[in-house]
Amino acid sequence: MTAPVGRPPVVPYIATWSSEHRPPGVLVVRGGGIAYVDEGPYERDDLGVLWKRVGISPGKGRPEFGNVHFLRQRRAMRKLLCQICGGPSDRTDDGTLWVVGEDADYPELHKPGYVTTHPPLCVPCAATSVGACPHLRKRYVALRVRTFVVAGVHGALYQPGGLSPVAYDAGGVAFESWRLNWVLAGQLIMELMEFTVVDLDAEHAAYLKRAGARNGPQPS
């Protein structure tokens, strides 16, 4: 069976498809923060953070590689799923595999507390991504992360403006910040606290060795 004409072979799990756009909703000031005028019971997470609206129909329409699907990114971060295939990310005794688009000498990679909105990966998808993603082809660093914590959200920041709040910026907001009630969240932020820079080629070779050991000797 051949792939449909014009459809790329790999579409990241967290990518948005053109069929998944929904009207953004009207925001009002309510209860010391922002709210949808017609807010439903599932618009906020368990911390009360208001999230952007998005449809759910993966695979329909065209993939939009530059747009992250808010709910799938959130699920991948919470459950440590691979951002490309949506399966489990790779976890060993050395930690969970992340790939970040930085140079190896980037100062933030040499101290704890690096933050990212990118979920982890499995080894095969990581190896594919660094060759397929234009940004990662320029620079990337693979990390084995031993300790990490979901630290906040990234989204549109609002301030009071009468009955209707006024958007003034976009950025990250920590969960303990007073601004949490004034952000329309689009992605979770993970703080990587203890990690080691690793060689992705060596990680791939070790993965293939582990996979071969699990499968056992093949019949000749």
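**Note on a predicted structure**

1. Helix α1 covers residues 70-79, and its buried residues are Phe70, Arg72, Gln73, Arg74, Ala76 and Met77. The model is predicted, not determined by experiment. Several parts of the chain receive this helix: the buried residues of α1 pack against β1 (15-17), β4 (50-51), β5 (63-68), β8 (114-116) and β11 (183-198). Just after α1 comes Leu80, which has a positive phi of about 55 degrees. As background on such spacing, an α-helix has 3.6 residues a turn, so residues three or four places apart point the same way.

2. Next, the chain as a whole. It has four helices and eleven strands. Along the principal axes, its C-alpha atoms fill a box of roughly 75 × 45 × 30 Å. Of the 220 residues in the protein chain, 44% are buried.

3. Which residues touch the most other members of the largest nonpolar core? They are Leu143, Val153 and Leu192, in a core of 25 residues. Two or more residues of this core come from each of α1, β7 (95-100), β9 (141-159) and β11. There is also a second, separate core, which has 14 residues, including Cys82, Cys122, Ala126 and Leu200.

4. Not counting residues up to four places away in sequence, Val153 touches Val49, Trp51, Gly171, Gly172, Val173, Phe175, Leu180, Val183, Ala185, Gln187, Leu188 and Ile189.

5. Now the charged side chains. The whole structure contains eight salt bridges. In one of them, the side chains of Arg53 and Asp38 meet at 2.9 Å, N to O. This pair links distant parts of the chain, 15 residues apart: Arg53 is in the loop between β4 and β5, and Asp38 is in the loop between β3 (34-36) and β4. Arg53 also forms a salt bridge with Glu43, where the closest N and O atoms are 2.7 Å apart. Here the two residues are ten residues apart, with Glu43 in the loop between β3 and β4.

6. Are Arg53 and Glu43 buried or exposed? The cut-off for buried is under 20% relative accessible area. Arg53 counts as buried because its relative accessibility is 12%. Glu43 has a relative accessible area of 14%, so Glu43 is buried too. Leaving aside neighbours within four places in sequence, the residues in contact with Arg53 are Arg22, Pro23, Pro24, Gly25, Tyr36, Asp38, Glu39, Glu43 and Phe70. One of these, Phe70, is also among the buried residues of α1.

7. Another salt bridge joins the side chains of Lys111 and Glu108, at 3.3 Å from N to O. Elsewhere, a network of salt bridges links Asp90, Arg144, Glu203 and Arg210.

8. The largest pocket holds about 700 Å³ of space. Its lining consists of 27 residues, and those nearest its centre are Gln83, Ile84, His118, Cys133 and Leu136. At least two lining residues come from each of β5, β7, β8, α2 (123-132) and α3 (134-138). Which of the elements gives the most to the lining? The answer is α2, with five residues.

9. Last, Gln83, one of the residues nearest the centre of the largest pocket. Gln83 lies in the loop between α1 and β6 (91-92). Gln83 counts as buried because its relative accessibility is 11%, and buried means under 20%. The side chain of Gln83 reaches the backbone oxygen of Pro119 at 2.8 Å. Apart from neighbours within four places in sequence, Gln83 is in contact with Pro12, Tyr13, Ile14, His118, Pro119, Pro120 and Leu121. Among these contacts, His118 is another of the residues nearest the centre of the largest pocket.

Notes
Residues are numbered from 1 along each chain as its sequence is written. This is a predicted model: local features need pLDDT of at least 70, side-chain atom pairs count only at pLDDT 80 or more; totals for chains, interfaces and linings use all residues. Side-chain values use heavy atoms; hydrogens and water are left out. Buried means under 20% relative accessible area, exposed over 50%, partly exposed in between (1.4 Å probe, protein chains only). Contact means heavy atoms within 4.5 Å. A nonpolar core is a set of buried Ala, Val, Leu, Ile, Met, Phe, Trp, Tyr and Cys residues joined through side-chain atoms within 4.5 Å. A salt bridge is a side-chain nitrogen of Lys or Arg within 4 Å of a carboxyl oxygen of Asp or Glu. On a 1 Å grid over the protein atoms alone, a cavity is a set of points where a 1.4 Å probe fits but cannot get out, and a pocket is an open set with protein on both sides within 12 Å along at least five of seven lines; lining residues have an atom within 4 Å of a point. Grid points are joined across faces, edges and corners, and a volume is the space filled by probe spheres set on the points. A polar contact is a pair of N or O atoms within 3.5 Å; within protein, one must be able to donate a hydrogen and the other to accept it, and residues adjacent in sequence count only if both atoms are side-chain atoms.
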